[in-house]
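Here is a friendly note to read with the model open beside you. Take the points in order and find each residue as you go.

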Amino acid sequence: MAQEPQKISDLKDLGAATRGVVAAEAVAAPKYERKVDAQGRAYATGKRKDAIARVWIKPGSGKISVNGRDVTVYFARPVLRMMINQPFGIVNRAGQFDVVCTVAGGGLSGQAGAVRHGISKALTYFEPDLRGALKAEGFLTRDSRTVERKKYGRAKARRSFQFSKR
């Protein structure tokens, strides 16, 4: 004899009916797959402020190229170069990947943040097991803070004009 479906009249019945299904789904964690193109490269897009970086990584000697130039030429400040290399340091892969990226928009600081975000995402596509370490450091989260627009009747976004009694 076929089993009749449970009648659900309130939220307690709904919880009891779906408890077994939810428990089975909660056990299986999502499995991320490797995403690599025909040349063996992983591609990702990184964003920060108004900057957008397109990043390709492949196994190599650790050479980083930004907009066709060496990283030491493009990002002259050591702090920005340190930011870009942070994802490799976290996952102990320093000097193992060549990075080619193009960056547009924003300033140098935003561009360095966009490249870091793109490298982190590309590393997770190349080696999905690295996702946990990069996520714990916050490198996979897109920092959505941007500059607030200027309002009319104001000197800047929030600053008002100087008040004078006269």
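1. Let's begin with a term. Rings of Phe, Tyr and Trp (its six-membered ring) pair if their centres lie within 6.5 Å; planes under 30 degrees apart are stacked, those over 60 are edge-to-face, and the rest are tilted. With this rule, Phe88, Phe97 and Phe126 make up one aromatic cluster, and the count comes to 4 aromatic pairs.

2. A word on the source. This is a predicted model, in which local features need pLDDT of at least 70 and side-chain atom pairs count only at pLDDT 80 or more, while totals for chains, interfaces and linings use all residues. Residues are numbered from 1 along each chain as its sequence is written, and side-chain values use heavy atoms, with hydrogens and water left out.

3. Now the sheet. Helices (H or I, at least four residues) and strands (E, at least two) are DSSP runs numbered from the N terminus, and two strands pair if DSSP finds at least two bridges between them. Here 5 strands form an open sheet with mixed pairing, in the order E1-E2-E5-E3-E4. Its edge strands, each pairing on one side only, are E1 (42-48) and E4 (69-70). E1 and E2 (residues 51-59) run antiparallel and are joined by 7 bridges; Arg48 has Ala51 in E2 as its bridge partner.

4. What does helix H4 touch? H4 (residues 108-126) packs on the sheet, touching E1, E2 and E5 (97-104); contact means heavy atoms within 4.5 Å. Buried means under 20% relative accessible area, exposed over 50%, and partly exposed in between (1.4 Å probe, protein chains only). Since 14 of its 19 residues are buried, H4 is largely enclosed by the rest of the structure.

5. Two of the aromatic pairs deserve a look. Tyr43 and Trp56 form a tilted pair, 5.0 Å centre to centre with 45° between the planes. Tyr43 is in strand E1 and Trp56 in strand E2, 13 residues apart. Tyr43 is partly exposed, at a relative accessible area of 35%. Phe97 and Phe126 form an edge-to-face pair, 5.2 Å centre to centre with 85° between the planes. Phe97 lies in strand E5 and Phe126 in helix H4, so this pair ties together parts 29 residues apart in sequence. Both Phe97 and Phe126 are buried.

6. Finally, charges over rings. A charge sits over a ring if NZ of Lys or CZ of Arg is within 6 Å of the ring centre and within 35 degrees of the ring normal. The charged end of Arg34 sits over the ring of Phe126, 4.4 Å from its centre. Likewise, the charged end of Arg131 sits over the ring of Tyr32, 4.5 Å from its centre.

Conventions. Axes fitted to C-alpha atoms, helices over the stretch in contact; angles between N-to-C directions.
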